[in-house]
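Biologist: I've got the model open and I'd like a close look at just one part of it. Could you pick a piece and walk me through what surrounds it?

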Amino acid sequence: MARVEVNTPTGIKTGSSLMRLTYKRPSFPGFFPSYLNNVRRGLQGEAIAVEVSPGRYLFALLGEGGYYTEPDAWLGAVFYPPVISVNRDAGYKRWIGELKRTKTAFPVPERAYPPFVVFSDMNDFTSIQVLEPDDIAAFFGSGTSIKSLTIETTSGAPVFGKVEKLLPWLTTEVVTRLCPPTYQTTGPHCGSISHGDFLMRDF
């Protein structure tokens, strides 16, 4: 479970997403270089949506460019020693075992925050904007800021539907780049956000 809290003038607004992150060793151990740890990662889940003000949402993405890097980065940033005594790189099996037994919610450090995005028009994927954590107030107004991102382990199954309902184009087309036709004149982040950063059903 990942949860984002946002400070607003009317109180704290919260959004969460239940995800399934898996670690699997390939069929041919030793085929990959040792620095890759011989581990394949998979993810099921959707981005975190927070209704910061009525009808206006902040999305914390699963990754960038269709690569679900963020949930894995959160685990690495939070559950390395001393929170979990086993170093992930030294022994995935023991590390995952301890991870499953850890039920407390832990804050993710800001250095491991995911991309945050907003839409001027959520029916139009070309209206996307990427915001740094310090820029939240520029879009939502004075008094808004990221309070925290926390993660905790749970036995529940991934939940789908909220993000698809908010962003209807997710169910009608696979968007490899969320960019308007005039991409060359838009911000530098436009070409790095894709459909898979909002929704991953299979791993």
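Modeller: Let's take helix α1, where the buried residues are Glu70, Pro71, Asp72, Trp74, Leu75, Gly76, Val78 and Phe79. Buried here means under 20% relative accessible area, while exposed is over 50% and partly exposed falls in between, with a 1.4 Å probe and protein chains only. That's eight of 10 residues, so α1 counts as mostly covered. Helices (H or I, at least four residues) and strands (E, at least two) are DSSP runs, numbered from the N terminus.

Keep in mind that this is a predicted model: local features need pLDDT of at least 70, side-chain atom pairs count only at pLDDT 80 or more, and totals for chains, interfaces and linings use all residues. Residues are numbered from 1 along each chain as its sequence is written, and side-chain values use heavy atoms, with hydrogens and water left out.

So what does α1 sit against? There's an open sheet of four strands, ordered β2-β1-β10-β7 and paired antiparallel (pairing takes at least two DSSP bridges between two strands). β7 joins β10 in the antiparallel sense over two bridges, and Phe106 has Ile151 of β10 as its bridge partner. α1 packs on this sheet, touching β1, β7 and β10, and its direction makes about 80° with that of β10. Contact means heavy atoms within 4.5 Å; axes are lines fitted to C-alpha atoms, for helices over the stretch in contact, with angles from 0 to 180 degrees between N-to-C directions.

(A nonpolar core joins buried Ala, Val, Leu, Ile, Met, Phe, Trp, Tyr and Cys residues through side-chain atoms within 4.5 Å.) Trp95 touches Leu75 and Phe79, among others, not counting residues up to four places away in sequence.

Finally, there's the largest pocket, with about 590 Å³ of space. Of its 24 lining residues, Met19, Arg20, Leu21, Thr153 and Thr154 lie nearest the centre. α1, α2 and β3 (20–24) each give two or more residues to the lining. A pocket is an open set of points on a 1 Å grid over the protein atoms alone, where a 1.4 Å probe fits, with protein on both sides within 12 Å along at least five of seven lines; lining residues have an atom within 4 Å of a point. Points are joined across faces, edges and corners, and the volume is the space filled by probe spheres set on them.
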